[in-house]
Each structure stands twice: as structure tokens, then as C-alpha cells.
Amino acid sequence: MSLLSISGITKRFGGITANKGITFDVAPGELVGIIGPNGAGKSTLFECISGFYHPDEGEVRLDGQRLTGLSPDVVCRRGVARTFQKLRPFQGLTVLDNVTVGALTRTKDVKHARAQAREILAKVGLTEKTDSYARTLSTGQRKRLELARALATQPRVLLLDEVTAGVDQRTIPGLVQLVRDLHAGGLTLLVIEHNMRVITAVAQRIVALYLGEVIADGAPDVVARDRRVVEAYLGQAYVQ
Ligand code: ADP
Ligand code: MG
């Protein structure tokens, strides 16, 4: 049974094929990790799923219904929320208002949306920052805010793009635990994560991308030892 079905997604930018026939399914309640070196096409795939890009070929379905071709706000209302690798909270709004904006995708009642936002802020551990301006948050706190905003839209599938990237090392375990808690609560997650140790610890399954293509798909320990995956990462170590 599949909740999110990605089939034959191809996305080109001029001469670059950022996604090449990407195909895999995500079952309800599953936490699937997406790995791959920089430029592998991970973020582009999220853009194609969430409606920010329209793929040149292929389609994405949620519960059998086609998402491809819909605008990002409609995809979000259908139940797919995402966080951005490059964080973009509304800097001049408070933490509470940022999350309330997310909740207002589901209700027109501002009071109700605020109450939901407060609940979600508690869930992600940001209650003490409720009335702070987003611009005053640390990177780790901004990652939590981004998560809270996405959760406020009441997703059926949550797409997380590099939640632990660029944060203080000491902040990582808390963020990882938060992702685990969301999964334990029944949420279906698709998680892009550069840190192999983090992803093998949280994912039930890993899909590895390289040069826009799926090169491995399976259990974390098997994918982590896959020859093509190891070579893809080694190659990157040499070029960096
Ligand atoms: P990843 O997230 O795995 O690091 P991306 O999906 O960001 O990879 O990028 C995949 C490839 O597509 C890269 O070669 C990147 O330069 C290219 N790319 C991504 N977005 C664009 C864009 N908007 N215009 C042109 N090229 C792009
Ligand atoms: Mg990326």
C-alpha cells in the first residue's frame, strides 16, 4: 500500500537533468530517508512533489490522486507540507504568528489558528519563544519554527529538507528526537539528510540519489554499504 507515489519524475534545467526517472513509493506511516551528495537532485525532487516545480515527465500521487500540475498551496491543502533547506520564516513576525500563518491554511478562525499554533509550538519545544520575533532565533530554533509552520498545515506527509544542516552539533540530537517523535505519532515523513549517521538512525528505508537517479533503495544498513552509494560519497570527498 502506498500513500505517496512518485513515478518517473524527470526535471531538466537547460542541459542539466536534475531528476531522471525517479520512482519510489512511500507507505503510510513510513519514514523514508533521501541521501545523495550535493547536486544529486534531492531538493529538486521535493520541489517537484510540493508543486514548486512542474516536472518535465512523470507524476506524483497522494492516496491515488494526482498532485503533479497543482500549485504549491493546493498541494499543501491536499496534505503535503515541506520545510525549506534555505530557511525563510517571516523575520518581522513573531514565532506565534509564523505558525499561525500555517494553521490558517486549515481554518479561517484566527483564534482557533492561534490556539493550534501554541499547541504545536509546545510540541516542537519553542513555547518560551512564542512572542519573540523570528529574526532573533538561533539556527536550531529556526529549524524548529520551520517544522512547526509545516506541522500547522496538518500534513499527511511531511517533507523535511536537511533539518540538521548548518546547526550547532549539540542541537542535532534534539532535532533528531523531534523527528522520531513525529514519526512515532503516526506521521509519514520523507527526510533529506546529508548526515549518514543521522539518517541511518531515524529512517526505516533509504533512497539514494546520484546525478538525478535512484542508485539504491532499501534498508538503511544495506544502502549505507552499497558500492555505488559509497563511491558516490567518496567521489564527493575527493572533489570537496
Ligand atoms: P541537492 O539538493 O541534492 O543538493 P539540487 O536538487 O539542489 O541537489 O540540484 C540538482 C541539480 O540541479 C544541480 O546540478 C543544480 O545545480 C541544478 N538545479 C537545481 N535547481 C536549479 C534551478 N532552479 N536552475 C538551474 N539548475 C538547478
Ligand atoms: Mg538540496
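Begin by selecting valine 207, which stands opposite aspartate 217 in β10. The model is a predicted one, in which local features need pLDDT of at least 70 and side-chain atom pairs count only at pLDDT 80 or more, while totals for chains, interfaces and linings use all residues. Residues are numbered from 1 along each chain as its sequence is written, chains are lettered from A and ligands numbered from 1 in the order in which they are written, and side-chain values use heavy atoms, with hydrogens and water left out.

Strand β9 (residues 205-210) pairs with β10 in the antiparallel sense over five bridges. Two strands pair if DSSP finds at least two bridges between them; strands (E, at least two residues) and helices (H or I, at least four) are DSSP runs numbered from the N terminus.

Now display the whole sheet. Six strands form an open sheet with mixed pairing, in the order β6-β7-β8-β3-β9-β10. β6 (80-82) and β10 (213-218) each have a single partner strand, so one side of each of these edge strands is left without a neighbour in the sheet. On average, neighbouring strands of this sheet are turned by 20° against each other, direction ignored. Select helix α6 (residues 172-184), which packs on the sheet and touches β3 (31-35), β7 (157-161) and β8 (188-192). The direction of α6 makes about 155° with that of β8. Contact here means heavy atoms within 4.5 Å; axes are lines fitted to C-alpha atoms, for helices over the stretch in contact, and angles run from 0 to 180 degrees between N-to-C directions.

Move to the other sheet. Strand β1 (residues 4-13) and strand β4 (residues 57-62) run antiparallel and are joined by five bridges.

Follow β4 onward to β5. These strands pair in the antiparallel sense over two bridges, and the bridge partner of arginine 61 is arginine 66 in β5. Their hairpin has two residues between the strands, and aspartate 63 takes a positive phi near 55° there.

Which element gives the most to the shell around ligand 1? It is α1, with three residues. The residues around the ligand, each with a heavy atom within 4 Å of it, include Phe13, Pro37, Lys42 and Tyr53. Show the polar contacts, which are pairs of N or O atoms within 3.5 Å. A polar side-chain atom of threonine 44 lies 2.6 Å from an oxygen atom of ligand 1, and a polar backbone atom of alanine 40 is 3.2 Å from an oxygen atom of the ligand. A polar side-chain atom of tyrosine 53 lies 3.1 Å from a nitrogen atom of ligand 1.

Key: A polar contact is a pair of N or O atoms within 3.5 Å; within protein, one must be able to donate a hydrogen and the other to accept it, and residues adjacent in sequence count only if both atoms are side-chain atoms.
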